[in-house]
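Subject: Structure for you to look at

Hello,

Here is the structure I promised to pass on. Please open it alongside this note, as I refer to residues by number throughout.

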Amino acid sequence: MKCNDNTVGDPQLKLNLLSDKNEHISSPRPLLDWSSVPTLVLAVTLLFLIVMTLLSRTSDKHRLPGPPALPFLGTRWLFWSRYKMNKLHEAYEGSAPNRAKTSPSCHNEEYLHADMFRRYGPVFAETTPGGAAIVSIAERAALEAILRTPARRPYRPPTEIVQVYRKSRPDRYASTGLVNEQGDRWHHLRRNLTSELTSPHTIQGFLPQLNSICDDFADLLASSRGYGGEVTGFEQLTNRVGLESVCGLMLGCRLGFLGRSMSGRALTLASAVKTHFRAQRDSYYGAPLWKFAPTKLYRTYVKSEETIHTIVSELMDEVRGRAEASAQDHGMQEIFLRILANPALDMRDKKAAIIDFITAGIETLANSLVFLLYLLSSREDWQEKIRKELPSTGEIDSEALAAAPSVKAAIYEAFRLLPIAPFLARILEAPLTTFVLAHTGAACRRDENFWRAREYLPERWIEPREPHAASLVAPFGRGRRMCPGKRFVEIELQLLLAKIVQRWRVCFDGELDIQFDFLLSPKSPVSLRLVEW
Ligand code: HEM
């Protein structure tokens, strides 16, 4: 640095340097001018890409319509240019429904903005970087055929980043887990891990505890309300009730996530779960560099997976300690103790499954509750109807829920219009091996499948009006790979809705911004108003 300062200040040196430059300029040009090589390389590469693209298009005349594919990138480039990864749902279908856009006057105009389905039709193909086709379907007959097709071992394409990490940790994982395994291995896990969770008996036995969890949630909402009834950061509160209830169900005891302030552990777990889903999204739709080196994305994913593993393992150890020290709470079902006692499974699989169940249960339930309340807020009349069907206070048992069909209709309609999983992925074996995305969400918002399809009308589930393609509503999937949490979630959403509407009218100011975090999620912070009746 000092040396340069001297150079700047020394006129003789400056002159020398100038004369050096002039000598360089006047010297003869080299035989090979390397300076144009990068441009040449770029031009040849571009030419190669164009030729390959044209060849791949002309070589397959029977190809389905779809966006143009580039060699080595497939159609993924679309998600790095025309579309945003966190708005992936809009790439297929235009913007997600909101209450303003569900009025009859503008729902057709909204549909005109639908994207890839408008450009290429209700059945089209994208191409993976490896050159394989991914067929997207929003057409009723084709969807019904897929959803109906029975498969003994349905193949849902695994998330590669999860597979790669779990295979690198044989100390923790004996398999890639229920969500990502296939074939006989998946079947063995499913048979041994989910029977408790899906049993009506288990959920019925959990109902009194679930009532008390939902009461505590309503109390938390009451204490979080401002003067006008507004609750800000609502999505964080819903995450906490998701966490408390799914841990309650799996671990068999209350963990206190619904206290006045959120514990550091609950915050860390909730944020790790969000990161976990987002990293899966980015690994899937972003540049696949993480496959070649431990990129930032891969490290972020690993960190979130390890944080979840550590916290849930801690919780399991605490609960096991408590269970040994005292008599068990009769109302609670310790699913995890029964899973841990199953001799047919490797201990690593048992532990991973409990962790996966808890991870799967937090955001899914929380996001579904936000979407439900957001949509229902436009229907004050329906809230009133729900309130009239319910007992005014106290525990809500299964008889009370059975006598309130408007609760179920409100929930089912929210799942039809705004499911958190907008499509189901499958690999179909016949007639050809094909990767299919069944866009049940998009199909449910098409006017040929539902009467006033883009409007939130719970009454359609009490008195159906044609068209009414009920079989297309599949928020929990279909067939043998269907979500094992379905029964639990349905009863919990009914209880939560009932407890909220018993006390307040739900109002939303403005519209909800929705993003794709591998699941559809509300963009935070979410604010709503809970107004006394
Ligand atoms: C609103 C809440 C939830 C929704 C909307 C939901 C939705 C889904 C969907 C769409 C699938 C894919 C199904 C298919 O491919 O056919 C799935 C799978 C799964 N879900 Fe859920 N889920 C929710 C809550 C839960 C909860 C609370 C748990 C655990 C307690 C859970 C555990 C799982 C598991 C383990 C799978 C993989 C099943 C397999 O591959 O065999 N989910 N879920």
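Residues are numbered from 1 along each chain as its sequence is written. This is a predicted model, so please keep in mind that local features need pLDDT of at least 70 and side-chain atom pairs count only at pLDDT 80 or more, while totals for chains, interfaces and linings use all residues.

The protein chain has 21 helices and nine strands; these are DSSP runs numbered from the N terminus, with helices being H or I of at least four residues and strands E of at least two. Of its 533 residues, 38% are buried. Here a residue is buried if 20 or more other C-beta atoms lie within 10 Å of its own, exposed if 12 or fewer, and partly exposed in between, with C-beta atoms placed from the backbone. Among contacts between residues at least 6 apart in sequence, 71% join residues at least 24 apart; a contact is a pair whose C-beta atoms, placed from the backbone, lie within 7 Å.

Helix 17 packs with helix 19 at an angle of about 140°, their axes 8 Å apart. Axes are lines fitted to C-alpha atoms, for helices over the stretch in contact, and angles run from 0 to 180 degrees between N-to-C directions. W382, K385, I386 and E389 of helix 17 meet S406, V407 and A410 of helix 19.

Helix 16 and helix 19 pack at about 105°, with their axes 9 Å apart. That makes helix 16 roughly perpendicular to helix 19 (angles of 65 to 115 degrees; under 35 is roughly parallel, over 145 roughly antiparallel, and the rest oblique). F371, L372, L375 and L376 of helix 16 make this contact with A410, I411, A414 and L417 of helix 19.

Now the ligand: 27 residues surround it, and the closest are G361, T364, G477, C483 and G485. A residue belongs here if its C-beta atom, placed from the backbone, lies within 6 Å. Helix 16 and helix 21 are the elements that give two or more residues to the shell, and helix 16 supplies the largest share, seven residues.

Finally, some backbone details. Cis peptide bonds join E466 to P467, with omega about -10°, and S524 to P525, with omega about -5°. P467 is in the loop between helix 20 (440-444) and helix 21, and P525 in the loop between strand 8 (520-522) and strand 9 (528-532). F518 has a positive phi of about 80° although it is not a glycine; F518 is buried, with 21 other C-beta atoms within 10 Å.

Best wishes

Key:
Contact = placed C-beta atoms within 7 Å.
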